[in-house]
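Here is a briefing on aromatic contacts and pockets. Keep the structure open while you read.

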Amino acid sequence: MEVDPLDPVYVNDRLSKPPFVTIPGVVNVRDLGSYPSETFSGSMTRPGFIFRSSEISSITEEGKARLKELGVTTIYDLRSDTEIERYETPSPHVDGVEIVHLPVFKTEDYSPEMMAKRFALYASGKTEAFMELYSQVLDNGGPAFATILRHVRDRPNDTFIFHCTAGKDRTGVAAALLLKVAGVNDDAIAEDYALTRVGREPARQMVMARLSQMPMFATNSEAALNMFTCRHETMLAFLMLLRDRYGGVEEYINTHVGLSPEDIQRIRTNLLVPIMDSHSDVPS
């Protein structure tokens, strides 16, 4: 089954290879660079500029040193206050790194009724349920995504990380938007999304223990395990949803995020480098 534990030898081997990046105390860290652009041939996403991860609250001192090695200046946290309080996972202090709180969902979206509905969708593990969840992310995430996209537009030399709790859903939607702006093809975006299955595996016991404290999961381990699903076809369905319901990534960024076509062009310019030389200047 897709929710069974993965072979630890396979996991360790895969985590040691790109796009995974090791930051001690943080799981599911990946570089969004080196993805070829299908739309803009001869270009790829710039390595070492944008990273995605799960929550960073357990980062070690060694992990903080690694952030500095990677040149990270900013961390964008997509979690809500309610989540941070419930899981007792406040953001750490990291010298020289700005941590910006960008909740996708407002506090009222974490009422018991809303959470019960959302967890029921996750627990089903069905693609249609994830599409409902991801449309909620798109509908509510405009202001958060605007901040991340403006960073790419205005600060192309400042490396950053963005994350939610697991680094799968809100983070997965944000990553898909960035990669889609860069013209990366759907299969590669879906593959990036599916890698969370491997990236989260080291935190499996912690996640299950956390979920077991919630009534609906305490007596239903299958529902809890469905929280781990991150299938290739789920992201393909999301990209279709983005096209069909929101008019595609540029229309979504224009109408829901509030950035202009000129902004999008600048963002794209800052995201891409020539494939021949990933260390050359960003093309204009």
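One aromatic cluster is formed by Phe-49, Tyr-76, Phe-160 and Phe-162. This is a predicted model. In total, the structure holds 7 aromatic pairs. The largest pocket contains about 600 Å³ of space.

**Aromatic pairs around Tyr-134**

- Phe-130 and Tyr-134 have ring centres 5.8 Å apart and planes at 55°, so this pair is tilted. An angle over 60 degrees would be needed for edge-to-face.
- Both residues, Phe-130 and Tyr-134, belong to helix H5, which spans residues 127-140. They are 4 residues apart, about one turn of the helix.
- Tyr-134 also pairs with Tyr-193. Here the ring centres are 6.4 Å apart and the planes meet at 85°, so the pair is edge-to-face.
- The Tyr-134 and Tyr-193 pair links distant parts of the chain. Tyr-134 sits in helix H5 and Tyr-193 in helix H8 (residues 186-194), 59 residues apart.

**Burial of these rings**

- Phe-130 and Tyr-134 are both buried.
- Tyr-134 has 1% relative accessibility, so it counts as buried. The cut-off for buried is under 20%.
- Tyr-193 counts as buried because its relative accessibility is 1%.

**Charges over rings**

- Arg-46 places its charged end over the ring of Phe-49, 4.2 Å from the ring centre. Phe-49 is also one of the residues in the aromatic cluster.
- The charged end of Arg-210 sits over the ring of Tyr-87, 4.2 Å from its centre.

**The largest pocket**

- The lining of the largest pocket has 34 residues. Nearest the pocket centre lie Tyr-87, Thr-165, Ala-166, Arg-200 and Arg-210.
- Sorted by class, the lining of the largest pocket comprises 18 nonpolar, 7 polar and 9 charged residues.

**The second largest pocket**

- The second largest pocket holds about 150 Å³ of space.
- This pocket is lined by 13 residues. Closest to its centre are Leu-15, Val-21, Thr-22, Val-26 and Val-27.
- The lining of the second largest pocket has 9 nonpolar and 4 polar residues, and no charged ones.

Notes:
Residues are numbered from 1 along each chain as its sequence is written. This is a predicted model: local features need pLDDT of at least 70, side-chain atom pairs count only at pLDDT 80 or more; totals for chains, interfaces and linings use all residues. Side-chain values use heavy atoms; hydrogens and water are left out. Rings of Phe, Tyr and Trp (its six-membered ring) pair if their centres lie within 6.5 Å; planes under 30 degrees apart count as stacked, over 60 as edge-to-face and the rest as tilted. Helices (H or I, at least four residues) and strands (E, at least two) are DSSP runs, numbered from the N terminus. Buried means under 20% relative accessible area, exposed over 50%, partly exposed in between (1.4 Å probe, protein chains only). A charge sits over a ring if NZ of Lys or CZ of Arg is within 6 Å of the ring centre and within 35 degrees of the ring normal. On a 1 Å grid over the protein atoms alone, a cavity is a set of points where a 1.4 Å probe fits but cannot get out, and a pocket is an open set with protein on both sides within 12 Å along at least five of seven lines; lining residues have an atom within 4 Å of a point. Grid points are joined across faces, edges and corners, and a volume is the space filled by probe spheres set on the points. Ala, Val, Leu, Ile, Met, Phe, Trp, Tyr, Cys and Pro count as nonpolar, Asp, Glu, Lys and Arg as charged, and the others, Gly among them, as polar.
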